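Subject: Structure for you to look at

Hello,

Here is the structure I said I would pass on. Please open it first; my notes follow below.

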Amino acid sequence: MVSRVIPVEDFDLVVFGGTGDLARRKILPGLYRRFLAGQMTAECRIIGAARGELSDDDFRAMIAEAIAEFVPAERQDAEAIAGFLARLRYVAIDAKGDGGWGELKALMRRDVVCAFYFSVAPSLFGDIALRLKQFGIADDNARIVVEKPFGRDLASAKALNATLAQHFHESQIYRIDHYLGKETVQNLMAVRFANILFEPLWKSEYIDHVQITVAETVGVEGRGAYYDKSGAMRDMVQNHMMQLLCLIAMEPPYHFDPDAVRDEKLKVIRALDPVLPQDIVRGQYLAGNGQGGYVEHSENPQSRTESYVALKAHISNWRWKGTPFYLRTGKRLRARASEIAITFREPPHSIFDDATGWRENVLVIRLQPDEGMNMMVMIKEPGPGGMRLTQVPLDMTFADALGPEAEDVPDAYERLIMDVIRGNQTLFMRGDEVEAAWAWTDPIIAGWESRGDKPQGYDSGSSGPEDALMLMHRDGRRWRDIR
Ligand code: NAP
C-alpha cells in the first residue's frame, strides 16, 4: 500500500507552555514525526513560549532531548532532527504580563496559517486569549488549541467558553480530546458509515448492550494533587468515554463535515437519561501487588476521589431505547485495555435442536493494545457427531491487515495538530458538546457529594470493585474479561 502523506500549508504555531510536560512528551515530538514524514513545509515555524528565560538554542536543546527521550529510536534521524530544530524559536512570555508579546508579534508571519496551542493551565486561557488580541497577534483567521480539562463542571465550562468567545469565534477554537485522534476511534466512523453490513443492525432491536472499557494498570503516582481535584468521572468519563459513546450511538451525519458530525454527537449527549444512583459504582484502589493505595498518593489521607467508575447509561431515542451502555474505567486494574464491545441479541428462533455452545455475536473494537476489530461469530464445531456450535473470532488486527503502513500512523496528537493546521474541526469538541456533557455529569457528582458517598475499595491489580460486577449481574450480564 502506498503511503499518502499530504503536506499541510505553511504555518506558524505558537506553543504556550512550550517547555512543559505535555509539550516535551507529546506536542513537539509529534511535530517532529510529522516533519520526518514530510508533512510540514521547510518554512513552517514552531515558537515555544513560557516564562523561563531561554534562548532559541536553549529551547532547541531542550526539544532535542525530548525527541531523544520520547521518539522511538528507529524514527530518530539526525538530519531530520537538525532540520526540525532549525524550525524552532522561543519567546519568554508571562501570560499574565505584558512582556514578550511585541517580540512574538514581530516573529509571526501574516501570510501563513497562524495557530496558538494553549498547553498551559486553563486558568491562563483567558489571559492569553486577551493578549493575543490586545497586541494584534491573532486575527480572525487564527486558530487556538485548548487542552483538557475544559472546566470541572458546567458552570466553569460555560465561563471558559464565554471567556474564549470574547476573543475568538467558535470556528477558531479547537478543544482537544486526544481520544478522538486515535486511529481506531476514527475507524468507528469508517466502519459504521462506509459499510452497509453494520448499520441495519445498529439499533436496540438487534443490539443487546454495549460495553465501553478504558482500563489502566498505572495509578496516580506523582499526580495525586491534580487527580484529587478531578477523579475518574471528570478525567475520563465526561470527555473521552462520552466521545466514544457518541461515536457508537450517533445517527449518520449527512456528510463527514465538522458541524454535521458534532451536531449528531450533541444529540446523543442530550438524549442521555440521568444516571440513577444504583446504576453507578465508584471505586478507589487499595494497596496490592506490592504497590501503595490511592490515599498514599493523595495529599489527603481521607480522600474520597474515585479512581474507578462503572455505570449504566440509557439513551432515550428511537434507536437505542432498551439497549444499555455500560461504561467502566479505572486505574491500577489487572490489565491495560481500551475497547468497545457491542453484544448482539439472540437470533429470534433457533433451528438447531442442540443449541449448546451458542453464544452471542460480539463486535469488539480494540483501541489498545493491538488496535483492531474482532467479530465473534458462531460456526459448526468441526468433525462428526452432529451439529454442535462453537464461537470463533473473525479477527482484523489493523497492523496485520494493513502491513507496515499501519505501524507508521500518526499518533493522536500528531494527527490533531495537523487537523488544526488544515482547519478541520471534525475531531474537536464544540463548546455546546462540552457543556452538554457537563450537564449530564454534574448531577452524578453532586449526588455523591450530597450523600457523602465513599468510593468502594478495590485491590490494585484486580478487575475493580465488587459492586461493579453486581451492576452487570443484576441485569443478567457480565463484563468482558480484561487482559
Ligand atoms: P506543566 O508541565 O506544568 O507545564 C506548564 C507550562 O506552562 C510550562 O511550560 C510553564 O513554563 C508554562 N507556564 C506556566 N505559567 C505560565 C505563565 N504564567 N505564562 C506563560 N507560561 C506559563 O503542565 P503540562 O503537564 O505540560 O500541562 C499543560 C496543559 O495541558 C494543562 O492544561 C494540562 O491540564 C493539560 N494536559 C496535560 C497532559 C499531560 O500529559 N501533561 C495531558 C492532558 C492535558 P514556565 O513555568 O517557565 O512559565
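Which element gives the most residues to the lining of the largest cavity? Helix H9 does, with three residues. Please keep in mind that this is a predicted model.

First, the cavity. One cavity of 30 Å³ or more turns up in a search of the whole structure, and the space in the largest cavity comes to about 70 Å³. Its lining consists of Lys148, Pro149, Phe150, Gly151, Arg234, Gln238, Asn239, Met429, Val434 and Trp438. Two or more of these lining residues come from each of helix H9 (231–249) and helix H15 (431–451). By type, the lining of the largest cavity has five nonpolar, three polar and two charged residues.

Next, the ligand. The ligand is surrounded by 20 residues, and the closest are Thr19, Asp21, Arg25, Arg51 and Val120. Nine residues of this shell are nonpolar, five are polar and six are charged. Helix H1, which spans residues 21–36, gives the most to the shell, with three residues.

- Val120: 2.7 Å from a ligand oxygen atom to a polar backbone atom
- Leu22: 2.8 Å from a ligand oxygen atom to a polar backbone atom
- Arg51: 2.8 Å from a ligand oxygen atom to a polar backbone atom

On its own, the ligand has 880 Å² of accessible area, and the protein covers 71% of that.

Regards

Notes:
Residues numbered from 1 in each chain as written. Predicted model: local features only at pLDDT ≥ 70, side-chain atom pairs only at ≥ 80, totals over all residues. Heavy atoms only, no water. Near = heavy atom within 4 Å. Polar contact = N/O pair within 3.5 Å; in protein donor to acceptor, adjacent residues only side chain to side chain. Areas by Shrake-Rupley, 256 points an atom, 1.4 Å probe, with all protein chains shown as cover. Helix = DSSP H or I, 4+ residues; strand = E, 2+ residues; numbered from the N terminus. Nonpolar A, V, L, I, M, F, W, Y, C, P; charged D, E, K, R; others polar. 1 Å grid on protein atoms, 1.4 Å probe; cavity = no way out; pocket = protein on both sides within 12 Å on 5 of 7 lines; lining within 4 Å. Points joined across faces, edges and corners; volume = space filled by probe spheres on them.
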